[in-house]
Amino acid sequence: MEAWSWQKSLVRMRHDLVGRDEDHSDMLVILQHHPVYTLGTGSLEKYLHFNIQDAPYEIYRTERGGEVTYHGPGQLVMYPIVNLRYHKMDLHWYLRSLEEVIIRVLSSTFAIKASRIKGLTGVWVGNKKVAAIGIRVSRWITYHGLAVNVTTDLSPFQHIVPCGLQDHEIDLLISLFLMIDWNYQSKNLSWGILSQCCRQPFGNAMSLNSSTFYYNSGRYLTQKDFILKNIPIHIEFSLCFTCAEELW
């Protein structure tokens, strides 16, 4: 609930900055949630295997798109607060860009071959979903975002039909490489998502060209700070987009 309120306050702040022509930096919130179910704006209760008045965990209906999902410890959650006016005012492009960031980081950092499934949103390894995406856009400013299952307890997913998909399983990154210490490597996943964007710009996806990282307490971040904790991290950055010719 705190992270949700924080996102909305950042979006309101961005709207005010746009009105004063002072909106120059995009933002990213990185965190883990305590166990919680979230519903999208149009989510159907038929995908819940419990009485909504007697849910196993807290449950909230949010403004994002998509169906019900679960968030909890061991899941890397990222909420970009991005002004698409400065990039490309195309929601499909933005969704594919988020997917591409995750696919490239899993490949470059862990040699995990992830992909998309046509007609569906998210990132998959084979037929199993490892990252979910659900967004909201308010006057072209994005919020909500993506969640990557790293060491998450999957049992809460058994009480729902995740994302309304009956025939697809949820998987963990830890299950793909059991010998990896994911409690340690989770910081590399977080940092990899940022450094992939900063150092290897690519067409049709996001590239960071300058960054200021800090906790909401104000302390500056380094790579060693990027380990999953129940501490929200607030990052401000500037986004640029590079055409494919510059990459190749």
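Colleague: In which strand does His144 have its place, and is His144 buried or exposed?
Modeller: In this predicted model, the place of His144 is in strand β8, which covers residues 141–149. Because residues under 20% relative accessible area are counted as buried, and because His144 has a relative accessible area of 5%, the residue in strand β8 is buried.

Colleague: Which residues does His144 touch, leaving aside those up to four places away in sequence, and what separation do the C-alpha atoms of His144 and Trp4 have?
Modeller: His144 touches Trp4, Gln7, Thr62, Glu63, Arg64, Met78, Tyr79, Pro80, Gly134, Ile135 and Arg136. Trp4 in that list lies 140 residues from His144 along the chain, yet the C-alpha atoms of the two are separated by 8.0 Å.

Colleague: For the protein chain as a whole, what share of the contacts with a separation of 6 or more comes from residues 24 or more positions apart?
Modeller: The protein chain has 248 residues, of which 53% are buried, and its secondary structure consists of five helices and 11 strands. Among contacts with a separation of 6 or more, the share that comes from residues 24 or more positions apart is 68%.

Colleague: Where is Leu106 placed, and how far apart are the C-alpha atoms of Leu106 and Leu173?
Modeller: Leu106 has its place in helix α2, and with a relative accessible area of 1% the residue is buried. Along the chain Leu106 and Leu173 are 67 residues apart, while the separation of their C-alpha atoms is 9.2 Å.

Colleague: How many residues of strand β1 are buried, and which residue of β5 is the bridge partner of Leu31?
Modeller: Strand β1 spans residues 26–31 and is mostly covered, since six of its six residues are buried. Asp26, Leu28 and Ile30 point one way from the strand, whereas Met27, Val29 and Leu31 point the other way, and all are buried. Strands β1 and β5 run antiparallel and are joined by five bridges, and the partner of Leu31 in β5 is Val77.

Colleague: What is the strand order in the open sheet of three strands, and which strands stand at its edges?
Modeller: The open sheet has mixed pairing and the order β3-β2-β4. Each of the edge strands has a single partner strand, so one side of each is left without a neighbour in the sheet, and these edge strands are β3 (58–61) and β4 (69–71).

Colleague: What is the average twist from one strand to the next in that sheet, and which residue of β3 is the bridge partner of Val36?
Modeller: From one strand to the next, the twist averages 30°. Strand β2, residues 36–39, runs parallel to β3 and is joined to that strand by four bridges. Within this pairing, the partner of Val36 in β3 is Glu58.

Colleague: Why are Arg96 and Glu99 separated by about one helical turn, and how far apart are N and O in their salt bridge?
Modeller: Arg96 and Glu99 are separated by about one helical turn because they are three residues apart in helix α2. Arg96 counts as partly exposed at 27% relative accessibility, whereas Glu99 is buried with a relative accessible area of 0%. Their side chains meet in a salt bridge with an N to O distance of 2.7 Å.

Colleague: How many salt bridges are counted, and how far apart are the closest N and O atoms of Arg14 and Asp23?
Modeller: The count comes to eight salt bridges. Arg14 and Asp23 are both buried, and they form a salt bridge whose closest N and O atoms are separated by 2.4 Å.

Colleague: Which residues form a nonpolar patch on the surface?
Modeller: One member, Met89, is found in the loop between β5 (75–81) and α2 (91–110), and Met89 counts as partly exposed at 48% relative accessibility. The patch has about 270 Å² of accessible area together, and its residues are Met89, Leu91 and Trp140.

Note on methods: Residues are numbered from 1 along each chain as its sequence is written. This is a predicted model: local features need pLDDT of at least 70, side-chain atom pairs count only at pLDDT 80 or more; totals for chains, interfaces and linings use all residues. Side-chain values use heavy atoms; hydrogens and water are left out. Patches are made of residues with over 30% relative accessible area and no salt bridge: like charges are joined within 9 Å, nonpolar side chains (Val, Leu, Ile, Met, Phe, Trp, Tyr) within 5 Å. Accessible areas come from the Shrake-Rupley method with a 1.4 Å probe; for residues, only the protein chains shown count as cover. A salt bridge is a side-chain nitrogen of Lys or Arg within 4 Å of a carboxyl oxygen of Asp or Glu. Helices (H or I, at least four residues) and strands (E, at least two) are DSSP runs, numbered from the N terminus. Buried means under 20% relative accessible area, exposed over 50%, partly exposed in between (1.4 Å probe, protein chains only). Two strands pair if DSSP finds at least two bridges between them. Axes are lines fitted to C-alpha atoms, for helices over the stretch in contact, and angles run from 0 to 180 degrees between N-to-C directions. Contact means heavy atoms within 4.5 Å.
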